[in-house]
Amino acid sequence: MMLDNLLAPLRHLGHSTINAVWKLGVMSRFLLAIIAHSGQSLLRFQLTIREVYFAGVLSLIIIVVSGLFVGMVLGLQGYNTLSRFGSADALGALVALSLLRELGPVLAALLFASRSGSAMTAEIGLMKATEQLEAMSVMAVDPIARVVAPRFWAGVISMPILAALFNVMGIFGGYLVGVVMIGLDEGTFWSQMQNNVDLHFDVINGLIKSLFFGIAVTLIAVFEGFDATPTAAGVSSATTRTVVTSALVILALDFVLTAFMF
Amino acid sequence: MQNDSFIEFNRVSFGYGDRLILQDISLKIGRGQLVAIMGGSGSGKTTLLRLIAGQIRAQQGQVLVDGRDVGRMNQRELYQHRRRMGMLFQFGALFTDLPVFDNVAFPIREHTSLSPEMVRDLVLMKLHAVGLRGTEALMPAELSGGMSRRVALARAIALDPQIMLYDEPFTGLDPISLATIALLIKKLSDALGTSAVMVTHDVHKSLEIVDYVYFIAGGKIAAAGTPDEVRASDSPWVHQFVHGEADGPVHFAYPAQQSLAGSFGLEGA
Ligand SMILES: Nc1ncnc2c1ncn2[C@@H]1O[C@H](COP(=O)(O)OP(=O)(O)O)[C@@H](O)[C@H]1O
Ligand SMILES: [Mg+2]
């Protein structure tokens with residue numbers, strides 16, 4: 001009895017671990033299935049383009065606005081701290097490096113997961129709940145090829161572009177605060193940035209990060225939709241899971257990638 | 001009668017998990033015939049259609065379509081089999097993000113390489129066949145229940161299938177829409193010579209249009225016959241079903257242990 005109580009949490013831990021590993025395995029197989037069925041999304045590229053519109057273009061507003069504000073906050077906080085050490089000149093470099101290396105890819109991915117990832121899960125889940133996926137497969141059309149793969153590639157394509165846009169808007173926000181509002185020298189702001197940002201090291205690594213995030217978030221989103229219990233409650237909890245899992249995976253993946261890169 | 005059977009169930013059993021839904025079912029559907037399978041909700045009617053479409057496989061016995069065992073087909077053969085088959089889903093299952101035109105065009109575009117003009121002609125022809133020309137631009141959400149059922153029907157017949165499966169085509173329709181759908185189903189079977197299985201619990205409309213009826217209850221074939229035989233049947237079970245009586249051999253309450261057919265000595269009927 002006593003022992004049982006002591007072992008219960010352990011058993012619970014073991015159970016969730018096994019579940020997590022099992023899910024990871026199922027997801028890997030799902031990824032392989034998507035890749036195997038990607039011929040159509042590439043041959044009939046307008047299928048993917050349509051999804052790029054839904055996943056990417058509709059996220060533009062939130063990415064642009066958030067990028068701008070994050071850049072402006074970075075400008076304010078950065079100036080505040082840097083000027084204490086008499087190095088306010090380095091504000092341009094600080095803003096650009098923070099965005100390119102970390103904030104751009106991570107925040108854009110978090111926003112993408114909650115805007116487009118959740119929408120993808122809900123859409124696929126609802127198609128499942130209303131028998132649309134089944135109807136498709138009875139019409140001899142594979143839903144993974146026709147519904148899942150185009151959305152997956154659309155997400156993978158959109159994510160780095162959205163992250164890049166986030167960076168551009170963020171840098172512009174930093175410029176607005178640093179140069180236009182506070183009145184730092186414009187030439188210094190930009191040249192400091194140019195001198196301290198390395199194309200390969202900072203820009204490319206940031207893009208690689210967002211590519212990984214794009215794959216992870218979109219895979220989670222389409223998987224949760226496809227795997228959803230085909231009821232209203234099932235779709236809603238799958239949508240929540242997409243956002244929560246994506247956020248955790250993005251942050252964990254960011255740590256791992258950062259450890260390898262920088 | 002049905003020597004030239006096109007769809008044949010040969011002692012088929014199927015269950016989800018431990019729960020047996022269909023037990024030892026044998027039935028035959030002749031080429032060009034329209035056959036109804038009747039039974040209460042949850043009696044396994046949709047399951048039976050899924051077995052024909054190959055979405056699930058029989059755990060015992062064989063489901064033969066045109067002499068080939070659907071349960072033994074690989075993915076490629078299954079898709080070939082499904083291309084000759086049209087299915088009308090219980091709730092239509094129209095693609096909600098596509099207008100009527102694209103819904104009907106979907107199977108045509110996926111499986112043929114016809115020019116856009118030919119696709120257009122075909123779609124309009126199918127919509128005409130279900131009496132819905134002029135609705136091409138509407139979205140599924142803008143259609144009434146009866147209309148979306150007919151659009152789904154147009155989509156199901158888009159590639160002139162040899163087999164049609166109807167899952168409760170009459171459920172939730174007003175009397176006029178119901179009569180329209182019934183007429184369409186009858187016309188399609190006669191005109192295209194498709195072999196069709198219609199799963200339903202609407203007895204009267206079905207008896208008017210089908211060639212043969214099977215009743216399933218408790219996972220077994222409880223009774224079978226032509227519409228005339230069914231109307232004349234003295235089986236209390238059939239009588240209750242046909243006349244829609246609440247009390248009779250089938251009780252209002254859920255039978256706890258035994259199968260329905262078993263409790264009325266219809267086992268092996
Ligand atoms: N995917 C499934 N998993 C488990 N049980 C199911 C599944 N689909 C249907 N069932 C169960 O099987 C029984 C028969 O279902 P179904 O063939 O849909 O009945 P009907 O179409 O005659 O109303 C029902 O009791 C239903 O709850
Ligand atoms: Mg059903």
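A residue counts as buried here when its relative accessible area is under 20%, as exposed when that area is over 50%, and as partly exposed in between, using a 1.4 Å probe and protein chains only. Keep that in mind for B:Thr135, which has 7% relative accessibility and therefore counts as buried.

Before going on, a word about the ground rules. The model is predicted, so local features need a pLDDT of at least 70 and side-chain atom pairs count only at pLDDT 80 or more, while totals for chains, interfaces and linings use all residues. Residues are numbered from 1 along each chain as its sequence is written, chains are lettered from A and ligands numbered from 1 in the order in which they are written, and side-chain values use heavy atoms, with hydrogens and water left out.

Back to B:Thr135. You'll find B:Thr135 in the loop between helix H4 (116–129) and helix H5 (145–156) of chain B; helices (H or I, at least four residues) and strands (E, at least two) are DSSP runs, numbered from the N terminus. Leaving aside neighbours within four places in sequence, B:Thr135 is in contact (heavy atoms within 4.5 Å) with B:Val100, B:Leu127 and B:Met147.

Now zoom out to the chain around it. Chain B has 10 helices and 10 strands, and 52% of its 269 residues count as buried. Take its contacts with a separation of 6 or more: 64% of them join residues 24 or more positions apart. An unreviewed UniProt entry places the feature "domain: ABC transporter" at residues 7–243 of chain B; positions from UniProt are given in the numbering used here, feature names are shortened, and annotations may be inferred rather than shown by experiment. That span is 40% helix and 26% strand.

Helix H9 of chain B (residues 236–243) has these buried residues: B:Trp237, B:Val238, B:Gln240, B:Phe241 and B:Val242. Their cover includes strand S3 (34–38) and helix H7 (203–209) of chain B.

A polar side-chain atom of B:Tyr16 sits 3.4 Å from a nitrogen atom of ligand 1, a polar backbone atom of B:Lys45 is 2.8 Å from one of the ligand's oxygen atoms, and for a polar side-chain atom of B:Thr47 the distance to a ligand oxygen atom is 2.5 Å.

Over in chain A, an unreviewed UniProt entry lists the feature "transmembrane region" at several stretches, including residues 52–79 and 243–261. Residues 52–79 are 86% helix, with end C-alpha atoms 38 Å apart, and residues 243–261 are 100% helix, with ends 26 Å apart.

Is A:Lys209 buried or exposed? Its relative accessibility is 0%, so A:Lys209 counts as buried. This lysine is found in helix H9 (residues 199–227) of chain A. Its side chain makes a polar contact of 2.7 Å with the side chain of A:Glu102 and another, of 2.9 Å, with that of A:Asp254.

Key: A polar contact is a pair of N or O atoms within 3.5 Å; within protein, one must be able to donate a hydrogen and the other to accept it, and residues adjacent in sequence count only if both atoms are side-chain atoms.
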